[in-house]
Amino acid sequence: MDVEDGPTGQFSAMLRKCNLGMKQEQYLNVPVDFQLAHGYAERSKVELRMRGKSWLVHLKHNPKTGGRSRASFRYGWHQFCVDNALGVGDTCFFRALRQGSAAGGGEDHLLKVEVRKRDGSFLV
């Protein structure tokens, strides 16, 4: 499996209340540089992989000033958070493992996830 290195091959996010709120309101914004590098404007979903399991997460596209849309993890993100007991203050590290064609709806885009819990321990 190819791991993509470089500044647009990975990103991290410290989780806040808005990332972990009620099921229908949870989201995680994808950094603009990362979403542009990976064609998220044309993708509908990504696959998150952690600890030998996978979660399919749908991308929601929100219009933003300047004509570019902003992508965020939405449907499926809640289940990923619940299954991994994520909480406010935990940090998720996302790394692109496979860059597939965005024309296929994003099914080929795989992100490896590592989590550092608020207390400094890592989920393994």
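A nonpolar core is a set of buried Ala, Val, Leu, Ile, Met, Phe, Trp, Tyr and Cys residues joined through side-chain atoms within 4.5 Å; buried means under 20% relative accessible area, exposed over 50%, and partly exposed in between (1.4 Å probe, protein chains only). This is a predicted model, in which local features need pLDDT of at least 70, side-chain atom pairs count only at pLDDT 80 or more, and totals for chains, interfaces and linings use all residues. Residues are numbered from 1 along each chain as its sequence is written, and side-chain values use heavy atoms, leaving out hydrogens and water.

**View A. The largest nonpolar core.** Welcome to the core, with its 26 residues. Y40, L48, F73, W77, F94 and L111 have the most contacts inside it. Among the elements giving it two or more residues are strand 3 (45-50), helix 2 (77-83) and strand 7 (110-116); helices (H or I, at least four residues) and strands (E, at least two) are DSSP runs, numbered from the N terminus.

**View B. Around L111.** Beyond its neighbours within four places in sequence, L111 is in contact (heavy atoms within 4.5 Å) with residues including F34, Y40, L48, F73 and F94.

**View C. D90 with K117.** These side chains meet in a salt bridge (2.8 Å, N to O), meaning a side-chain nitrogen of Lys or Arg within 4 Å of a carboxyl oxygen of Asp or Glu. D90 lies in the loop between helix 2 and strand 6 and K117 in the segment after strand 7, so the pair ties together parts 27 residues apart in sequence. D90 is buried, at 3% relative accessibility.

**View D. R49 with E47.** Here the salt bridge spans 3.0 Å, N to O. R49 is partly exposed at 29%, whereas E47 is buried at 17%.
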